[in-house]
Amino acid sequence: MEIDDDVCGSRDLTMESLITEDEIISQQRNPTQASFIIQADRLQSSYEALAAEREQLEARLTNLSTEKDQLQQSYNSLTTDRDQFNASFNNVKTEKERLQATYDTLKRESDQLKTSYNNMQRNLEEVQTSRNNLTTSRDQLQTRYSTLQREKDELNVNFNNLKTQKDQLQASYNTLKQEGDQLKTNYDDVQRNLQGVQTSRNNLAASKDQLQTRYSALQREKDELQTLFRQLHGNYSSLTRNKDELQRSCETLSISQNHLQIGYNSLWKEKEQLKTSYKTLHKENEQLQTNYNSLVRVKDELQKSIDKVKRRACPTGWQKFDTGCYFASTSKKNWTSSRQECIDMGADLVVIDSQDEQVFVKDMLTSGQNAWIGLTDSLTEGTWMWVDGTPVTTTYWQPGQPNSFNGNQDCGEILPRSAGVGEWNDDGCFAEQNWICEN
Ligand SMILES: [Ca+2]
Ligand SMILES: [Ca+2]
Ligand SMILES: [Ca+2]
């Protein structure tokens, strides 16, 4: 026992004096009390059964309340996530519809451009065909022109020959005229020959004029063909440039279309994934709702059980507080035996969960009386635990306590003589004291 602890100073009995009292009590018992003890044992058994039932219900209530709170938190969190998800899904859907509209517009423009391109391609082929036909005609005309040129040259040579012959004939005529007087008889013949030559010369001059006219016409045709060829060549270059530009536009549009197709496919996949996630969340939400409804039902049943337990009266010698019944011993034992006494009555040493309970337990004791409560650090020195396994959170230690005096104080007691709500001290577990049971 603690010697210099001011708590110990209040004890009015020593271990030796307690043993003497127990022996005196034992000696006072006599056989006539047997029937009373049997009845008391039966009542005790009923009481223990009810107490055990109540303890199980309490433990179940605590666990279910904790689970309910956790589920409520999860449910709230999931609802928030689901709302955010819905908003994101709607945004993506709107964006997808806008992209779809843009994609449809671009597709229509692409189809129109493709049609225009095909028409231009056909026009280009027709122009190419016309150009080839014109080139062929030009080559034929060129050949014909060369032939005519050669014929003209030959006719020129013939004309020159004839002219030379005419000059020679003129010379002969002059000679003959000089010999006219002498050759009077041949004059008429020469005169006729001269007229024939004159006719031939006129015929040749007419042929030359016709050739000259034909040559001029051919020259004009050639000039017109050259002008037409230059215009066609200009049109062909313009068409080639237009075709190249259209080719580049078509390639750009094709790349844009591929990008849009990839973006559209990606958006479609994301939409499907979002739809799947939404369905999963919806199922989970329904499952949570079902669980929540079950928990509400269980909670209502538990509340009914609690109300029933609250209405339940405590056995004789026990005092009622909230849902529990409390027993303050009149005898004294060490902490372990005190706890065993409580367990034998279907209870355990008191576990103080609130300040109201602390005040109630303190008020159960008479002045100068200490009592064991269900508090110990015997498993791990310095780590105080309640006997029901719950950790100690709110404490009412006397200033300077717990001090584990002499390294041998592992059990908790309540001190009623303190002012206010009462205080705790750690004492040697072997010390014999009153105790408080809670059921
Ligand atoms: Ca309690
Ligand atoms: Ca200790
Ligand atoms: Ca102490």
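The legends below describe close-up views of a predicted model. Local features in this predicted model need pLDDT of at least 70 and side-chain atom pairs count only at pLDDT 80 or more, whereas totals for chains, interfaces and linings use all residues. Residues are numbered from 1 along each chain as its sequence is written, and side-chain values use heavy atoms, with hydrogens and water left out.

**View 1. A patch of positive charge on the surface is formed by K93, K275, K279 and K283.** Patches are made of residues with over 30% relative accessible area and no salt bridge, like charges being joined within 9 Å, and the place of a Lys charge is taken as NZ. Accessible areas come from the Shrake-Rupley method with a 1.4 Å probe, and for residues only the protein chains shown count as cover. Helix α3 (residues 184-311) supplies the largest share of the patch, three residues; helices here are DSSP runs (H or I, at least four residues) and strands likewise (E, at least two), numbered from the N terminus. K275 lies in helix α3 and, at 33% relative accessibility, counts as partly exposed, a class that falls between buried (under 20% relative accessible area) and exposed (over 50%), with a 1.4 Å probe and protein chains only.

**View 2. E95 and R98 meet through their side chains in a salt bridge, 2.6 Å from N to O.** A salt bridge is a side-chain nitrogen of Lys or Arg within 4 Å of a carboxyl oxygen of Asp or Glu, and the structure holds seven of them. Because E95 and R98 are three residues apart in helix α2 (residues 34-178), about one helical turn separates them. E95 is partly exposed with a relative accessible area of 34%, and R98 is also partly exposed, at 47%.

**View 3. R82 and D83 form a salt bridge in which the closest N and O atoms are 3.3 Å apart.** R82 counts as partly exposed at 25% relative accessibility, and D83 is partly exposed with a relative accessible area of 41%.

**View 4. A salt bridge joins the side chains of K333 and E341, at 3.2 Å from N to O.** K333 is partly exposed, its relative accessible area being 28%, and E341 counts as partly exposed at 27% relative accessibility.

**View 5. Helix α5 (residues 355-364) carries the buried residues E357, Q358, F360, V361, K362 and M364.** The cover over these buried residues of α5 includes the strands β1 (319-321), β2 (324-328), β6 (411-415), β7 (423-427) and β8 (434-438).

Methods
Chains lettered and ligands numbered in written order. Patch = residues over 30% accessible without salt bridge, like charges linked within 9 Å, V, L, I, M, F, W, Y side chains within 5 Å. Lys, Arg positive; Asp, Glu negative; His and termini not counted. Contact = heavy atoms within 4.5 Å.
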